[in-house]
Amino acid sequence: MASLAQAKENSTFAKIGMILLYLALIIVAVFQLYPLVWLFMFSLKSNSEVFGLSPFALPQEPQWENYVRVWTQGNIDMYFFNSVWITLVSVLLTVLLASFVTFAITRMRWKFSKLVLALFMIGYMVPIHSAIIPLFDFYLKLDLIDNPLSIILSYVAFNLPLTIMILLGFYYTLPREVEEAAVVDGCSVHRIFFQITLPMTTPVLATTAIINMIYNWNEFIFVNTFISSDHLKTLTVGIQNFIGQYLTDWGAIGATLVISIIPILIAFLVLSDKIVEGIAAGSVKG
Amino acid sequence: MNKVMSNKVVIALYTLPALILILALIYGPILLTGYYGLMDWNGIGAMTFIGLDNYVELVQDSKFWESALHSFLLAIFSTLSLAIYLIISLILAGKIKGSNLLRKIYLIPMLLSSVAIAQLWIKIYDPNNGMLNSLLQTLGVENPPAWLADPNLVLYAIFVAILWQYAGFYIIIYYAALKGLPESLIEAAKIDGATPIQIAYKIKVPLIAGVIKVTIVLAIVGSLKYFDLIYVMTGGGPNGASEVIASYMYKKAFGIYDFGYGSAIAFFLLLITLVVTWLTRKLTASEDEIQY
């Protein structure tokens, strides 16, 4: 009898324990999510609401014109499109060049493949800040300062190591029979790469593309250092400018920040599994 | 097979573009950083060789050591916070319904730019209209502090934003490692009457020790490189109270155009990054738990 009562007690404890665990997890979730909800709320407020009412109050009458205003008058549309095309071009170049290298390293036979791989892997450890002064000087000499090319080249170079790292894992597990058969049939290397290998790597290409997209979209220090003309700036640096001018206009600042994070959130909703996979795979990136 | 797949022209065509990019934009610059560190140079005019003067100045520069101290403090906080992430991951990797959704919610801040995060947290910490102080006032705290303007609090305030940004990243890594553990081992321990806490502490954590060591490198190296968030949130202020190595370097180089001294700081940053990475790599040399 006593043991039965004890077992019952134990299961009650287990239940309470479980509830406490869930509670802890939910508190963390609220801590992670609520600041963004709060941001969205103040992006829809007027200044009188921000300064006159509680920060936790819902917007009385959603001020969607905050968004229209920053998009049309604050140059946010311009920064946004710069971010879009610079990100797209950099991602395409990085993924393509990294695929070439990974193919050559895993599929082709040559003397220095290990050394070349090591160069990419070590390149992964180098902090951007330790390269930025000579890079600035280099682009200055090539007349590429205040030219989007300096940004794109830097993005590609600094993201190649991580991209190759993620691709490598996939290439090693990929069966080679089809490629070998193609060689026997007299296929050229280019046809094998473009028509057989590259299409087979689509899942991992998606992972690397989304991870690259996030890094490039959010990048700050290269644009802040190499670009001086306003019409060439991307969102991260552009919103800095904008906020400098509209310091007390909370609604405008909120709307700008929401616009800058929306593409990432959409990508996340559609491709969250790929993002999680890419982050777990490239976890050595600091 | 051999002939086609060892065609030197194709190999050069496939590897050289990427190789030239990293040699010209990563390896060249880091070597030049060390070299420029030996120069008196304003970035535009002529360079004058001054030997180790910049490095001697660095050793004696109290502002530099103050920012280095802040970087190391952030590294220590970040390393300690790994314990929290590990506990959350241990709970999450148990039999929890909705763990997939929770994990994704935790990750969202990590996907945002440091600039957006910095701007958002400036608003959260706003002394008059911010979320935090309103909450504190509702709870009865009179005169809550002006977080980012208070030299004694600013570093901690920034650290909370860093915690918010990176939590999901580390949780995802730990979760993946914990889910990769063999089920049979844990079942056996359960049959032997081990409690969940014993299983977590004595079996699961030791088994993912390799991954934990890797995350320690990530946390330390990442902290030593912090820049964007602090540069935007406080600019290193008030009065240097939140200055870190990278922001101090950036100010010297691109703020007052002392490229020689900036390079010396940047080279120092590279050296400690490599030493820390190498040291912890050495500690994890025999382990191979993390896939990359």
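In this predicted model, chain A and chain B meet through 75 residues of chain A and 79 residues of chain B. On the chain A side, the largest share goes to helix α13 (residues 250-281), which puts 12 residues into the contact with chain B.

Helix α3 (residues 65-73) of chain A packs with α13(A) at an angle of about 75°, and 9 Å lie between the two axes. Because angles of 65 to 115 degrees count as roughly perpendicular, α3(A) is roughly perpendicular to α13(A). As for who touches whom, α3(A) brings A:N66, A:Y67, A:R69 and A:V70 to the contact, while α13(A) answers with A:G251, A:A252, A:A255, A:T256 and A:I259.

Zooming out to the domains, chain A splits into domain 1, covering 2-43, and domain 2, covering 76-281. Their centres, taken over C-alpha atoms, sit 39 Å apart. Where the two domains of chain A touch, 4 residues of domain 1 are in contact with 6 residues of domain 2. The domain 1 side of this contact is made up of 3 nonpolar residues and 1 polar one, with no charged residues.

Definitions and conventions:
Residues are numbered from 1 along each chain as its sequence is written. Chains are lettered from A and ligands numbered from 1 in the order in which they are written. This is a predicted model: local features need pLDDT of at least 70, side-chain atom pairs count only at pLDDT 80 or more; totals for chains, interfaces and linings use all residues. Domain bounds come from an automatic or database domain assignment. Two residues are in contact if their C-beta atoms, placed from the backbone, lie within 7 Å. Ala, Val, Leu, Ile, Met, Phe, Trp, Tyr, Cys and Pro count as nonpolar, Asp, Glu, Lys and Arg as charged, and the others, Gly among them, as polar. Helices (H or I, at least four residues) and strands (E, at least two) are DSSP runs, numbered from the N terminus. Axes are lines fitted to C-alpha atoms, for helices over the stretch in contact, and angles run from 0 to 180 degrees between N-to-C directions. Angles under 35 degrees count as roughly parallel, over 145 as roughly antiparallel, 65 to 115 as roughly perpendicular and the rest as oblique.
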